[in-house]
Amino acid sequence: MRVVGHLKSGKSCLANLRQSGALKLLFPRRVSGLEAVMINTAGGITGGDRFSISVEAVGNCHMTLTTQAAERVYRAQPGQTGRMDTRLRVGTGARLNWMPQETILYNHCSFQRHLTANLAKDATLLVVEPLVFGRIAMGEVLSNARFNDCIDIRRNGQRLYYDAVRLHGDITAKLSRPAVANGANAMANLIFTAPDAGRHLTFLRDALPDTGGVSLIGDDLLVLRMLAKDSFVLRKSLLPILDRLTDNGLPLCWRL
């Protein structure tokens, strides 16, 4: 999938769209800016699946991508891994919000995702990736699963942020360790880079629970990580933060 947004007659709108396979985009009406909702018509991700997403915002465009609902990563056959590769480009004066809803890992899943972003000097980017380790209501534990995650963000070719997570085997047992997650079953990673990112620091620190932290790196990069006992508690903390960072532009599907 490839989607490009640009500014036309003072409005952010779609410039180009190519899509095939199970991943589709819908464009809600009656929203400000350009908002796209990703739908996986396959119903989830399993071993052997390959998804590739390329998103570009140019010419002062303001663009938001989210998902219709939580993404599910199902059991994989031995030796098979599902992949999600995302490439983001944000041009001069443009803004891109990458805001998928929760990714839920199922027991015996095998999933690898990689997000790269390239930004112009004055571009704004918001990335949030909520993650849920099994379904507590179903009594599910991740006794045998594989999850690899990598986020790489650069501005004008210079690396701003790099983060990698690798969890294999009995993930639930690993998360139960006090120095790892102390039994938390949900996590969110949030990166916000903008020329005025620092003005949000005090608000975010006040809004975060004891299981979260945020740092201002340099003058224009906020990095936040949060743990929670389940997805409901995680979302309850995330919503006011995302509403603030999107200037009260949280997508409707996040509020349902």
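Colleague: Which residues does Asn107 touch, not counting residues up to four places away in sequence?

Modeller: Please keep in mind that this is a predicted model. In it, Asn107 touches Arg75, Glu140, Val141, Leu142, Ser143 and Asn144. Asn107 itself is found in the loop between S10 and S11. One of the residues touched is Asn144, and the side chain of Asn107 reaches the backbone nitrogen of Asn144 at 3.1 Å.

Colleague: Is Asn107 buried or exposed?

Modeller: The relative accessible area of Asn107 is 16%. Buried means under 20%, and therefore Asn107 counts as buried.

Colleague: What is the relative accessible area of Tyr74, and how does Tyr106 count?

Modeller: Tyr74 has a relative accessible area of 30% and is partly exposed. Tyr106 counts as buried, at 10% relative accessibility.

Colleague: Which charged end sits over the ring of Phe203?

Modeller: That of Arg244, which lies 4.6 Å from the centre of the ring.

Colleague: Let us turn to strands. How are side chains arranged in a regular strand?

Modeller: They alternate between the two faces of the sheet. Strand S9 (residues 95-99) can be read face by face: Arg95, Asn97 and Met99 are on one side, Leu96 and Trp98 are on the other, and all are buried. Since 5 of the 5 residues of S9 are buried, the strand is largely enclosed by the rest of the structure.

Colleague: Which strands are joined to S9 by bridges?

Modeller: Strand S6 (residues 62-67) is joined to S9 by 5 bridges, and the two run parallel. Within this pairing, Thr64 has Asn97 as its bridge partner in S9. S9 is also joined to strand S12 (residues 124-133), by 4 bridges and again in parallel. Here the bridge partner of Leu96 is Leu125 in S12.

Colleague: What is the order of the strands in the open sheet of 7 strands?

Modeller: The order is S2-S1-S5-S8-S11-S13-S14, and the pairing is mixed. Strand S2 (11-18) and strand S14 (158-169) stand at the edges, each with a single partner strand, so one side of each has no neighbour in the sheet. On average, neighbouring strands of this sheet are turned by 10 degrees against each other, direction ignored. Within the sheet, S1 (residues 2-8) and S5 (residues 50-57) run parallel and are joined by 4 bridges. Arg2 has Ser54 as its bridge partner in S5.

Colleague: Finally, where does Asn182 lie, and what is its phi?

Modeller: Asn182 lies in the loop between helix H1 (171-175) and strand S15 (186-193). Its phi is near 55 degrees, a positive value in a residue other than glycine. Asn182 counts as exposed, at 58% relative accessibility. Asp247 likewise has a phi near 55 degrees, and its place is in the loop between helix H3 (231-245) and helix H4 (252-255).

Methods. Residues numbered from 1 in each chain as written. Predicted model: local features only at pLDDT ≥ 70, side-chain atom pairs only at ≥ 80, totals over all residues. Heavy atoms only, no water. Buried < 20%, exposed > 50% of the residue type's maximum accessible area, 1.4 Å probe, protein only. Pairing = 2+ DSSP bridges. Axes fitted to C-alpha atoms, helices over the stretch in contact; angles between N-to-C directions. Lys NZ or Arg CZ within 6 Å of the ring centre and 35° of its normal. Polar contact = N/O pair within 3.5 Å; in protein donor to acceptor, adjacent residues only side chain to side chain. Contact = heavy atoms within 4.5 Å.
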